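Please look over the chain before reading on.

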Amino acid sequence: MRRLLLVTAAASLAAVGVASSQDTTMSFFVTSVGSGKGADLGGLAGADAHCGSLAEAAGVTGKTWRAYLSTSDTDARDRIGKGPWFNAKGDKIADDVASLHSDANAITKQTALDEKGNVVNGRGDKPNRHDVLTGSKPDGTKIADQTCGDWTLSGAEGAAMTGHHDRTGLDDSAAAKSWNSSHASRGGCSQEALKSTGGDGLFYCFAAN
């Protein structure tokens with residue numbers, strides 16, 4: 001019995017050690033700036049590289065960054081690893097992919113920070129920058145013809161599905177409050193078109209490892 005108790009106690013201490021050593025360094029952020037070319041991000045590779053360069057400039061290294069973007073043959077939810085994810089202040093955003101795409105996620109204007117730990121302008125701020133590019137349905141899967149040519153277009157053609165990082169829109173509908181699937185861009189994929197509906201070509205970045 002004594003040996004069993006010692007083994008049980010050791011196992012409990014080990015579990016506590018694992019829990020306390022969880023990496024809470026930044027593994028999620030909204031880009032502080034976009035590409036500057038509207039929804040032309042250089043495809044997924046260009047978007048991923050943008051995430052990585054912003055994170056590195058903010059002092060976070062050793063992580064593999066992925067943009068939360070769907071394309072014609074890729075679902076955003078399958079790109080971002082298993083979680084959990086934390087913002088620049090150490091606040092947990094979600095434990096895993098399932099909770100991220102449920103009401104259990106903790107994405108709000110106060111937690112969807114940029115890589116520097118700053119709050120991103122939302123509805124009511126000037127300028128409003130709450131339209132975040134995703135090209136995705138609420139469950140994180142691709143949505144047809146709303147990825148601005150798989151993130152290569154920057155003109156009057158095409159459209160991009162966006163979400164609201166501040167969970168606020170024109171009404172109280174589920175879409176208005178959706179972080180990843182609120183409405184499509186209007187007037188094309190240019191920087192001007194994205195700004196006209198309250199965006200700035202920003203997108204979400206997640207550490208996939």
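How many disulfides does the count come to, by the rule of cysteine sulfur atoms within 2.5 Å? The count comes to two disulfides. The model is predicted: local features need pLDDT of at least 70, side-chain atom pairs count only at pLDDT 80 or more, and totals for chains, interfaces and linings use all residues. Residues are numbered from 1 along each chain as its sequence is written, and side-chain values use heavy atoms, with hydrogens and water left out.

**Disulfides**

- Cys 51 is joined to Cys 205 at an S to S distance of 2.0 Å, and this link is left-handed, with -80° about the S-S bond.
- Because Cys 51 lies in helix H2 and Cys 205 in strand E8, the pair ties together parts 154 residues apart in sequence; helices (H or I, at least four residues) and strands (E, at least two) are DSSP runs, numbered from the N terminus.
- Cys 51 is buried at 0% relative accessible area, and Cys 205 is buried at 0%; buried means under 20%, exposed over 50%, and partly exposed in between (1.4 Å probe, protein chains only).
- The sulfur atoms of Cys 148 and Cys 189 are 2.0 Å apart in a disulfide, which is left-handed with -95° about the S-S bond.
- This pair links distant parts of the chain, with Cys 148 in helix H4 and Cys 189 in the loop between strand E7 (183-184) and helix H5 (191-196), 41 residues apart.
- Cys 148 is buried, with a relative accessible area of 1%, and Cys 189 counts as buried at 0%.
- With bonded cysteines counted along the chain, the disulfide pattern is 1-4, 2-3.

**Salt bridges**

- The structure holds seven salt bridges, each a side-chain nitrogen of Lys or Arg within 4 Å of a carboxyl oxygen of Asp or Glu.
- One of them pairs Asp 48 with Arg 66 (4.0 Å, N to O), joining helix H2 to strand E2 across 18 residues.
- Arg 79 also forms a salt bridge with Asp 48, the closest N and O atoms being 2.7 Å apart; Arg 79 is in the loop between E2 and strand E3 (85-86), 31 residues from Asp 48.
- Asp 48 counts as buried at 11% relative accessibility and Arg 79 is buried at 13%, whereas Arg 66 is partly exposed at 28%.
- Asp 95 and Lys 92 form another salt bridge, with closest N and O atoms 2.8 Å apart.
- Shared partners join the salt bridges of Asp 48, Arg 66 and Arg 79 into one network.

**Asp 40**

- Asp 40 is located in the loop between E1 and H2.
- Asp 40 is buried yet has no salt bridge, and the nearest side chain of opposite charge, Lys 37, is 4.0 Å away.
- The Asp 40 side chain reaches the backbone nitrogen of Gly 42 at 3.1 Å.

**Nonpolar core**

- The largest nonpolar core has 40 residues, a core being a set of buried Ala, Val, Leu, Ile, Met, Phe, Trp, Tyr and Cys residues joined through side-chain atoms within 4.5 Å.
- Among the elements that each supply at least two core residues are helix H2 (43-57), strand E2 (65-67), helix H4 (148-151) and strand E8 (199-207).
- E8 gives the most to this core, with six residues.
- Residues with the most contacts inside the core include Trp 65, Leu 69 and Phe 203.

How values were computed: Lys, Arg positive; Asp, Glu negative; His and termini not counted. Polar contact = N/O pair within 3.5 Å; in protein donor to acceptor, adjacent residues only side chain to side chain. Disulfide = S-S within 2.5 Å.
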